[in-house]
Amino acid sequence: MLRVRNSTLIAPSLMAANMLYLKDEVQAVEVAGADWLHLDIMDGHFVPNLTFGPDIISQLRPICSLPFDVHLMVEPVELCIDLYQKAGADHITIHIEATTDLRKNLNTIKKLGCRAGVSIKPETSVNQIKDFLNAVDQVLVMSVNPGFYGQAFIPSVLEKITVLKRIREEQGLSFDIVVDGGINVQNASSIIEAGADVLVAGSSVFKQPDYKKAINSLRG
Ligand code: DX5
Ligand code: ZN
């Protein structure tokens, strides 16, 4: 399949924003040219950390027109998928490590009218999701262990991006390859070169003084 996208998309991760000024932070990244808003949902169980939930998302929905890219780090995930769709999610990504019925949950996400994504932690191989690649709109490759922003990129993940890109070509599929964790101006180009379509960036956007400059310098 011919892919027409010619520029890498940038999805700032809201968990790295200043929570005291959430509305301003969301509007600032939209004005700065972000493509998606990445929303990390953590449950204190699948990952040790906690972030925010559907109430915050539904309150942010009317003040932002970017696609809401919801990354659920929640186990079991099946109980909350519809809550996030109702709150305003456009994309819902779930972890293969957090569900016993991935196919059923991907179908649920699609039936709710959202783009469906599957995510793999750094230690999970592409092989474990290969049977589901024809059923997803996006694959989120974690390049840090999920739970915290500000961690270092794990370079061995680059090979998984290359493998996913090759499988997509060989099988004529069209899912987006999204990479999440530890991305900065130094490593962004190698991640794009490996095959990433979308870069999720927490610290390298929200911890920078100029969001527009930060977003543009990640695009490669
Ligand atoms: C980690 C989250 C990431 C994280 C990215 O579990 O999924 O989205 O916030 O932040 P950085 O870019 O700082 O690693
Ligand atoms: Zn994330």
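Tutor: What follows describes the shell around ligand 1 and then the chain that supplies it. This is a predicted model in which local features need pLDDT of at least 70 and side-chain atom pairs count only at pLDDT 80 or more, while totals for chains, interfaces and linings use all residues. Residues are numbered from 1 along each chain as its sequence is written, chains are lettered from A and ligands numbered from 1 in the order in which they are written, and side-chain values use heavy atoms, with hydrogens and water left out.

Around ligand 1 there are 20 residues, each with a heavy atom within 4 Å of the ligand; G147, D180, G182, G202 and S203 come nearest. By class, nine are nonpolar, nine polar and two charged; Ala, Val, Leu, Ile, Met, Phe, Trp, Tyr, Cys and Pro count as nonpolar, Asp, Glu, Lys and Arg as charged, and the others, Gly among them, as polar.

Polar contacts here are pairs of N or O atoms within 3.5 Å. A polar side-chain atom of S13 lies 2.9 Å from an oxygen atom of ligand 1, and a side-chain N or O atom of H38 is 3.4 Å from a ligand oxygen. From G147, a polar backbone atom is 2.8 Å from an oxygen atom of the ligand. The protein covers 99% of the 380 Å² of accessible area (Shrake-Rupley method, 1.4 Å probe) that ligand 1 has on its own. Two or more shell residues come from each of β2 (37-42), β3 (68-73) and β8 (198-201), strands being DSSP runs of E, at least two residues, numbered from the N terminus. The largest share, three residues, comes from β2.

How values were computed: Polar contact = N/O pair within 3.5 Å; in protein donor to acceptor, adjacent residues only side chain to side chain. Helix = DSSP H or I, 4+ residues; strand = E, 2+ residues; numbered from the N terminus.
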